[in-house]
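Opening my notebook to jot down what I look up in this one.

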Amino acid sequence: MSTEPVVPAPSSGWETVIGLEVHCELRTQTKLFCGCRNSFGEEPNTNVCPVCLGLPGSLPVLNRAAVEYAIRIGAALHSTVQASMFHRKNYFYPDMPKDYQISQYDVPINAGGWLTLPGGRRIGIVRAHLEEDTGKTTHVGGGGRIHEATRSLVDYNRAGVPLVEIVSAPDMRSADEARAYVDELRAILVATGASDGKMEEGSLRVDANVSVRPAGSEEFGTRCEIKNMNSLRSLGRAVDYEVSRQIQLIESGGVVSQETRHWDEGAGRTASMRSKEEAYDYRYFPEPDLVPVDPPEEWVASIKASLPPMPSERRERIAEMSGLPAGSEAVVTVVRLGLDDLVEAVGAQGADTKSVGGASPAVAAIAVKRAANEVASDLAGAANLERSSFAKLVRMESSGQLTSAQARTVLKSMLEAGGDPEVIAEGLGFEAMESGGLEAIVDDVIAAHPEEWARYSEGEDKLAGFFIGHVKQATQGKADLKSASALLRSRR
Amino acid sequence: MPRSITTDDVAHVARLARLQLSQEELTRFTQQLAAVLDHARDVESLDTTGVVPTAHALPLVNVLRDDVVTPSLDRATVLAEAPEVEDHRFRVPKILGDSQ
């Protein structure tokens, strides 16, 4: 029996609108405004000092590396990197000992931008600003649930850790698209070096603003902000649940109220979280202890120049090499797993005509498929896979020296134990069929079945399979069936 | 002409700041804050076309430090300042509503 709650499919006639806020912890050595270590999983309250504890008389000083990471993120998201300043966001909650969080308000370091989903859709970025993380509260007693807790315990190791908050435009239209956006953003953040991308450790945290509206409507419905989703899967489930809840509410005559809702993974539903009045009045004002940040143009330019190619560019490159669509599963997988260099290696071993990077599209497409299938399903083995050996194997398959089934077998063996594909193929008895040998076999098969050959010659195409079957049998599966088909057609 | 500040405004801001004010204090602070806002209004009447907004009194930008670890405080010293401690963490009363 499934424990999944039944989430009815959204009624037709409604459109879902999703905007996401992603908090990304930066991989600096130290916190945003003090020299305490930025490190996950340490003993509680060991990385704290007067600045991050908010003790009187302490003063924050901005971490240069955090600014650089923020600029890297902005550049990767096509944002405008601009002069910015910090504000205090005031609220009373024990996760911030200062009773305010230093954040950016009306002038963020990165304004605007976009990213491109593998399917080609462009999602707008509103801003990507710097702020400090809060401490970690754990609610204890009453089985760990907030409402039943008897007390809360606070660890300030995380208080002051640098974050970049990336706010998307309300451009996503389904839970799948929201997941694809986070997946793509995570890949970009990892590529910039700013993040380790670990959602399970909280280095990447996602809040979703979800609303629904009648299909075709230009106006937005009232949105709810969903928190506490710890994986892409939770995000998808939470959005689906929330969409159904809002549609049902409206269809039964109710009204969606703007509020923050907490995703309960176990129960599979969202629940209203913050009910206190004035919760949204943060009384932002300029942080008097910090001066503005105005990154010099040369600095921004050198940071931009140091960025590696982003996933969308890499997908375009692989697509161009192989002729496969940039959004195809194989291309997306190759780039997500960083296997681009395997495809490039095949190009490096050849100078095919009509090639991008040395491999013809047909050869590169074989490399993409092998990388996205066999290599992707054995990443431990992939770490030891010689690029040149992989390239050699792909060349053996593309030339017909190995059938695709044989190539897969040889590759699996290479992933398990390394080695040269030629030696492995020989060891497995996959001797190359001389093309002359194949011709002789095809002719023998034709000679042995004159009646079928006559019908095939008169246009009964489906008999090709009959002949190929016999060629396969006669060669114990070693024949390159594409070549055999070509021979068959040439004899007709 | 913008409306001037009322005792309701002051009571609202005081609530946000968790300040408990007596009726007499509310009246007094409303008068004082109104005087401050009147002064701001005087400044507002000046022509500031072409004047860059001032975010800070200091003529400085980009005060940055290198990303180098400096020693943190000793935990026992830190937790000695906590009203209550449990499991090396600050123990606080049960919290309603989640953190932001």
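Predicted model: local features only at pLDDT ≥ 70, side-chain atom pairs only at ≥ 80, totals over all residues.

**Entry 1: cavities.** How many cavities of 30 Å³ or more does the rule count? I got one cavity of that kind. The largest cavity holds about 50 Å³ of space. I then looked up what lines the largest cavity. From chain A I wrote down Met85(A), Phe86(A), Pro286(A), Glu287(A), Leu290(A), Val291(A) and Pro292(A), and from chain B Ala55(B) and His56(B). Sorted by class, that lining has seven nonpolar residues, one polar and one charged.

**Entry 2: where the chains meet.** Next I turned to the two chains. I found 39 residues of chain B in contact with 67 residues of chain A. The size of an interface is often given as the accessible area lost when the parts come together, so I looked that up too. Between chain B and chain A about 4,600 Å² is buried, and carbon and sulfur atoms give 56% of it. The rule finds three salt bridges across this interface. One I checked is Arg75(B) with Glu43(A), where the closest N and O atoms are 3.3 Å apart.

**Entry 3: Val61(A).** I picked Val61(A), which sits in the loop between β1 (14-25) and β2 (62-63) of chain A. What does Val61(A) touch, not counting residues up to four places away in sequence? My list has Leu32(A), Phe33(A) and Cys34(A), plus Val63(B), Leu64(B) and Arg65(B) from the other chain. Leu32(A) is 29 residues from Val61(A) in sequence, yet their C-alphas are 7.9 Å apart in space. Val61(A) counts as partly exposed because its relative accessibility is 31%, which falls between the 20% and 50% cut-offs.

**Entry 4: Ser211(A).** Is Ser211(A) buried or exposed? I put it down as buried, because its relative accessible area is 4%, and buried means under 20%. Ser211(A) belongs to strand β12 (residues 204-214) of chain A. Leaving aside neighbours within four places in sequence, its contacts include Glu15(A), Thr16(A), Val17(A) and Gln246(A).

Entry 5: Most residues other than glycine have a negative phi. I noted two with a positive one. Phi of Arg283(A) is near 45°, and Arg283(A) lies in the loop between β15 (269-272) and β16 (285-286) of chain A. Asn62(B) has a phi of about 55° and is found in the loop between α2 (23-44) and β1 (64-65) of chain B.

Technical notes. Residues numbered from 1 in each chain as written. Chains lettered and ligands numbered in written order. Heavy atoms only, no water. 1 Å grid on protein atoms, 1.4 Å probe; cavity = no way out; pocket = protein on both sides within 12 Å on 5 of 7 lines; lining within 4 Å. Points joined across faces, edges and corners; volume = space filled by probe spheres on them. Nonpolar A, V, L, I, M, F, W, Y, C, P; charged D, E, K, R; others polar. Helix = DSSP H or I, 4+ residues; strand = E, 2+ residues; numbered from the N terminus. Buried < 20%, exposed > 50% of the residue type's maximum accessible area, 1.4 Å probe, protein only. Contact = heavy atoms within 4.5 Å. Buried area = accessible area lost by both parts, 1.4 Å probe. Salt bridge = Lys/Arg side-chain N within 4 Å of Asp/Glu carboxyl O.
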